[in-house]
Amino acid sequence: MAAGGERFMSFRLTPEQQALQEKARALAREHIAPKAAHWDRTEEYPWENVERLVEAGFMGMTIPREYGGPGHSLHDALLVVEEMAKVCGITGRIVVEGNMGAIGLLMRYGSEELKRRYAPWVLQGDKPAICISELEAGSDATAMQTTAVKQDGHWVLNGSKSWITGGGISRIHLIFARLSENGLEQGIGALLVEKDAPGLELGRRAHMMGLRGIPETELHFRDCHVPAENLVAMGFGKLMSGYNAQRVGAGTVALGVAQGAYELALDFARERRQFDRPIGEFQGLRWMLADMRVKLDAARLLLHRAAVDLHANGFPDRELAAIAKVYASETAIQISNDALQVYGARGYSRDFPLERMVRDARMFTIGGGTAQTLRNVIGDAILGSKVSQRREG
Ligand code: FAD
């Protein structure tokens, strides 16, 4: 049985968490929502939202106090992620990557010097990029071909990464690569590489369906020299354990988008009149909205369970994170689609937010481990076999 699966857990928020949630909600409503369509249309990175997030203390909020952060829990950060994603998916993703993924791995496994150097960058608004995928190594991440060879006090990186969220924007990159030293393979490790490191070149930006305000780019490494001390951690399994936090974060962006879509549909169902009555009185729509409510609650409970029931290393359980992300991501696709249906022609119109939300929600069964890969993880856990072989990207 996975950690905590058998325990009774209460998900009642503390007064401090309720205050945090309310603060995030107010920021999202007043400052993030009004320009969400703008970032989607222009595909520009929302730097002004980042400034707001920094002011509010939401970038690096999980960084411990001894490194200058406020030391919030993963659970706290998820509350903020959901509020941002309700109105603007990309802002939710920025909060995820400003608190989980690469920064989580750095703060857990990085050297004292690396933590002291880079934690302030995140607190000042950098969203670190986590760089695992390659064109020929997606779900099968351990097939990656990027290499780092140790030479004269440096790791020399060569290879290419694809679909990197924030490529060209992020100042910190955590690059997964096959390490070798003295001609001997050391396995997969993660190196911290700065944006302007010589030998790091920005490649093509992909044109994505949704979440358009953050670039997804290729990165190329040509004899990119990285100081030896920038090695954050070795071992794919260990690195992926930290990635479980990002999975729970990604699932929470999906949840937030779905919650936002549901709230729009609910208001519309109350106000829109056809056949001399609010459309929310028609049973077909009442049940649709009731189903949305049920699924949102279930997704949130699964995500919060994964976020509170952590392993000793401070990261979520792999199986619980996979369960939560599969459910939240698939549910978000259904709910945003149903919400668009409730909105009728307005839902399909680019003058209203739902078509953007449908496009945004579609991503989360792919990025950060596909729904199939995560089912392999769950299958391994329940059957004891090794289909996923801890290789999942
Ligand atoms: P493939 O692995 O080629 O899979 C294709 C299809 O086959 C999928 O449906 C998959 O589920 C299925 N499949 C593959 N293997 C199996 C199997 N064993 N059993 C059943 N079905 C299987 N990567 C990063 O490293 N950093 C990032 O910041 C990042 N950001 C991203 C942002 C976005 C918006 C997107 C869309 C992707 C991002 N990715 C990032 C890449 C993402 O992690 C990969 O897309 C993902 O791991 C899947 O890889 P793939 O796209 O190559 O699909």
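Which element supplies the largest share of the shell around the ligand? In this predicted model, the answer is β3, with 3 residues.

Begin by selecting the ligand together with the protein surface. The ligand sits in the largest pocket.

Next, select the 20 residues around the ligand; S133, S139, W163, T370 and Q372 come nearest. Coloured by residue class, the shell divides into 8 nonpolar, 10 polar and 2 charged residues.

Then display the secondary structure. β1 (129-131), β3 (154-165) and α13 (371-383) each supply at least two residues of the shell around the ligand. Colouring by domain shows that domain 2 (129-234) and domain 3 (237-390) each contribute at least three residues to this shell.

Now turn to individual atom pairs. Select S139, where a polar side-chain atom lies 2.6 Å from an oxygen atom of the ligand. Move on to T165, where a polar side-chain atom lies 2.8 Å from a nitrogen atom of the ligand.

On its own, the ligand has 970 Å² of accessible area, of which the protein covers 67%.

Methods: Residues are numbered from 1 along each chain as its sequence is written. This is a predicted model: local features need pLDDT of at least 70, side-chain atom pairs count only at pLDDT 80 or more; totals for chains, interfaces and linings use all residues. Side-chain values use heavy atoms; hydrogens and water are left out. A residue is near a molecule or strand if one of its heavy atoms lies within 4 Å of it. A polar contact is a pair of N or O atoms within 3.5 Å; within protein, one must be able to donate a hydrogen and the other to accept it, and residues adjacent in sequence count only if both atoms are side-chain atoms. Accessible areas come from the Shrake-Rupley method with a 1.4 Å probe; for residues, only the protein chains shown count as cover. On a 1 Å grid over the protein atoms alone, a cavity is a set of points where a 1.4 Å probe fits but cannot get out, and a pocket is an open set with protein on both sides within 12 Å along at least five of seven lines; lining residues have an atom within 4 Å of a point. A molecule sits in a cavity or pocket if more than half of its atoms lie within 2 Å of its grid points. Helices (H or I, at least four residues) and strands (E, at least two) are DSSP runs, numbered from the N terminus. Ala, Val, Leu, Ile, Met, Phe, Trp, Tyr, Cys and Pro count as nonpolar, Asp, Glu, Lys and Arg as charged, and the others, Gly among them, as polar. Domain bounds come from an automatic or database domain assignment.
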